[in-house]
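Open the model in your viewer and keep the selection tool at hand. The stops below go from the ligand to the helices and then to the loops.

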Amino acid sequence: MNSEIIDLQAENLKQSYDELSKHKFATDLLLGLSAQPKHIPSKYFYDDAGSRLFQQIMNLPEYYLTNCEMQVLETHAADIVSKLGSGPVNIVELGAGDGSKTKVILKSFFEKNIPITYYPLDISNDALKQLISAFGKEFEQLKIQGIQSDYEEGVRWISKHNSQKNLILFLGSNIGNMLLKDAKTFLRKLWKSLNHEDEVLIGFDLKKDISLLLPAYNDSQGITRDFNLNLLTHVNDRLGANFNTDNFRHYGTYDAERGAMVSYLISLKSQDVHIANLNKTFSFLPFEPIQVEFSYKFLIEEIEEISQQTGFRIEAEWYDEKGWYVDVLLSVQKNKK
Ligand SMILES: C[S@@+](CC[C@H](N)C(=O)[O-])C[C@H]1O[C@@H](n2cnc3c(N)ncnc32)[C@H](O)[C@@H]1O
């Protein structure tokens with residue numbers, strides 16, 4: 001008898017990351033544009049053009065988050081590193097971007113002669129390539145291994161590669177892009193993937209006057225608008241859609257009940273958009289929104305509650321001098337019975 005067993009997992013592994021992520025992108029678009037209200041997950045902002053636009057956003061005067069966190073790290077990097085002991089550390093950075101703030105932390109590890117291996121993880125291939133090339137030039141002695149993945153896959157990777165002391169970096173208030181309930185679920189999964197007394201450094205943007213928040217997500221040069229609209233161009237390029245970006249408008253507002261900045265792309269007229277990869281047409285009403293990003297803002301009490309609920313102990317909290325932003329060092333606690 002001629003029999004054959006197909007190992008689906010092995011088959012899947014033969015598919016490239018590109019094919020798998022395209023399939024996921026298409027599925028997320030199908031679900032998001034079929035829902036009411038329509039939405040698209042913010043991780044799809046970051047194609048090559050999106051990553052470059054985000055780097056411009058980080059340099060905008062209105063986008064205070066970058067300067068605030070840079071100041072925290074420049075002031076406290078030595079303190080952060082001193083909390084990790086003197087043994088070798090694996091540093092995994094979730095959503096590393098251009099890593100400009102991470103350099104400050106790495107320099108402190110070098111000054112203390114602590115052996116490190118750095119694993120920047122990002123969904124954007126372009127961002128990763130640029131980071132690896134820049135870090136390779138600046139830190140010749142650094143062991144670096146990029147991981148192209150989304151956070152979920154990244155956490156699965158961590159759970160299989162956690163044999164020595166880990167420091168997870170989650171900077172830039174990336175955590176604020178998740179719905180609050182998803183952020184909690186994610187932190188719990190991260191906790192599970194780590195060992196007792198591994199550490200996680202998370203940047204949180206704090207709640208503040210709304211007049212400071214609005215310009216940060218609606219800058220005067222229109223870079224944030226271009227960044228948001230580029231999401232539709234990304235869908236066109238990757239999934240063969242025919243979005244006309246002139247027919248949509250960026251709108252960023254503060255949702256006081258959620259405590260989050262929320263970004264929308266608003267359809268300016270009645271229109272149909274076809275997505276070839278899905279072989280499906282989606283209809284938009286005049287002024288119908290597509291929700292594309294949440295940026296939650298936090299009170300320190302909320303951060304403490306989320307941390308404790310998900311199994312972490314707060315080791316330290318470091319603020320910028322205006323008190324607009326905080327980096328929190330969390331220690332994984334697992335009761336050994
Ligand atoms: C707001 S930027 C912050 C970059 C950096 N952490 C910083 O603080 O400057 C978000 C970064 O996370 C990446 N990213 C966004 N969503 C992601 C996801 N679900 N999985 C992996 N990377 C993601 C983006 O490509 C981008 O480089």
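**The ligand and its shell**

Select Leu 171 first: one of its polar backbone atoms is 3.5 Å from a nitrogen atom of the ligand. That pair is a polar contact, meaning two N or O atoms within 3.5 Å; within protein, one must be able to donate a hydrogen and the other to accept it, and residues adjacent in sequence count only if both atoms are side-chain atoms. Taken alone, the ligand exposes 590 Å², and the protein buries 93% of that. Accessible areas come from the Shrake-Rupley method with a 1.4 Å probe, and for residues only the protein chains shown count as cover.

This is a predicted model, in which local features need pLDDT of at least 70 and side-chain atom pairs count only at pLDDT 80 or more, while totals for chains, interfaces and linings use all residues. Residues are numbered from 1 along each chain as its sequence is written, and side-chain values use heavy atoms, with hydrogens and water left out.

Next, select Asp 122, where an N or O atom of the side chain is 2.5 Å from an oxygen atom of the ligand. At Gly 97, a backbone N or O atom lies 3.5 Å from a ligand oxygen atom.

Now show the 17 residues around the ligand; Tyr 46, Gly 95, Lys 101, Asp 122 and Tyr 151 come nearest. A residue is near if one of its heavy atoms lies within 4 Å. Colour the shell by class to find 7 nonpolar, 6 polar and 4 charged residues. Here Ala, Val, Leu, Ile, Met, Phe, Trp, Tyr, Cys and Pro count as nonpolar, Asp, Glu, Lys and Arg as charged, and the others, Gly among them, as polar.

**Helix pairs**

Select helix α4 (residues 64-82) and helix α5 (residues 102-111), whose axes come within 9 Å and cross at roughly 25°. Helices are DSSP runs (H or I, at least four residues) and strands likewise (E, at least two), numbered from the N terminus. Axes are lines fitted to C-alpha atoms, for helices over the stretch in contact, and angles run from 0 to 180 degrees between N-to-C directions. α4 and α5 are therefore roughly parallel (under 35 degrees).

Move to helix α3 (residues 48-58) and helix α10 (residues 223-239): their axes come within 9 Å and cross at roughly 160°. That makes α3 roughly antiparallel (over 145 degrees) to α10.

**Two loops**

Select Pro 37, in the loop between α2 (17-34) and β1 (38-39). The peptide bond from Gln 36 to Pro 37 is cis, with omega near -5°. Finish at Asn 113, in the loop between α5 and β3 (116-122). Phi of Asn 113 is near 55°, a positive value in a residue other than glycine.

Conventions. Angles under 35 degrees count as roughly parallel, over 145 as roughly antiparallel, 65 to 115 as roughly perpendicular and the rest as oblique.
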